[in-house]
Amino acid sequence: ALRRVDAAGDGDPGTVIAFADAAEVVQPLTTDKAALRAAVRAVAPSYRPTRLDEALALAPAGADALLLSDGRAPPVPADLLDGRRVEFRAPPAPARA
């Protein structure tokens, strides 16, 4: 997520929404990269069920979404896609010894 913030152009808006068994806006829509970085760093893993529908409902209309998850995200409801491009990324699996 930090790489995505750093790669954004000056003036490109972004928001940070944390989601698990509930979703919350951690950083409302802004072009302030420092605020976006701080918000990303403030999100911690939760190990709770995922409410992807709530997260997408909080996202700005028509905004593309980068979803970072533990890999157990449910399918995205079609009515919440609303023309958005959704990119899903899960962290790499830990190396086995």
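The legends below describe close-up views of a predicted model. Local features are reported at pLDDT of at least 70 and side-chain atom pairs at pLDDT 80 or more, while totals for chains, interfaces and linings use all residues. Residues are numbered from 1 along each chain as its sequence is written, and side-chain values use heavy atoms, with hydrogens and water left out.

**View 1. The largest nonpolar core.** This core has 9 residues, namely I17, F19, A23, L52, A55, L56, A59, A65 and L67 (a nonpolar core is a set of buried Ala, Val, Leu, Ile, Met, Phe, Trp, Tyr and Cys residues joined through side-chain atoms within 4.5 Å; buried means under 20% relative accessible area, exposed over 50% and partly exposed in between, with a 1.4 Å probe and protein chains only). At least two of its residues come from each of strand 1 (14–19), helix 3 (52–58) and strand 3 (65–68) (helices are DSSP runs of H or I with at least four residues, strands are runs of E with at least two, and both are numbered from the N terminus). Helix 3 provides the largest share of this core, 3 residues. A second, separate core of 5 residues includes V5, V16, L36 and V40.

View 2. Leaving aside neighbours within four places in sequence, I17 is in contact with A23, E24, V25, V26, A55, L58 and A59 (contact means heavy atoms within 4.5 Å). A39, which is found in helix 2 (residues 33–42), is buried at a relative accessible area of 5%, and, not counting residues up to four places away in sequence, A39 touches V16, V26 and Q27.

**View 3. The salt bridge of R37 and D6.** The structure holds 2 salt bridges (a side-chain nitrogen of Lys or Arg within 4 Å of a carboxyl oxygen of Asp or Glu), and in one of them the side chains of R37 and D6 meet at 2.7 Å, N to O. Because R37 lies in helix 2 and D6 in helix 1 (residues 2–7), the pair ties together parts that are 31 residues apart in sequence. R37 is partly exposed at 25% relative accessible area, and D6 is partly exposed at 43%.

**View 4. The salt bridge of R48 and D21.** The closest N and O atoms of R48 and D21 are 2.6 Å apart. The pair links R48, in the loop between helix 2 and helix 3, with D21, in the loop between strand 1 and strand 2, 27 residues apart.
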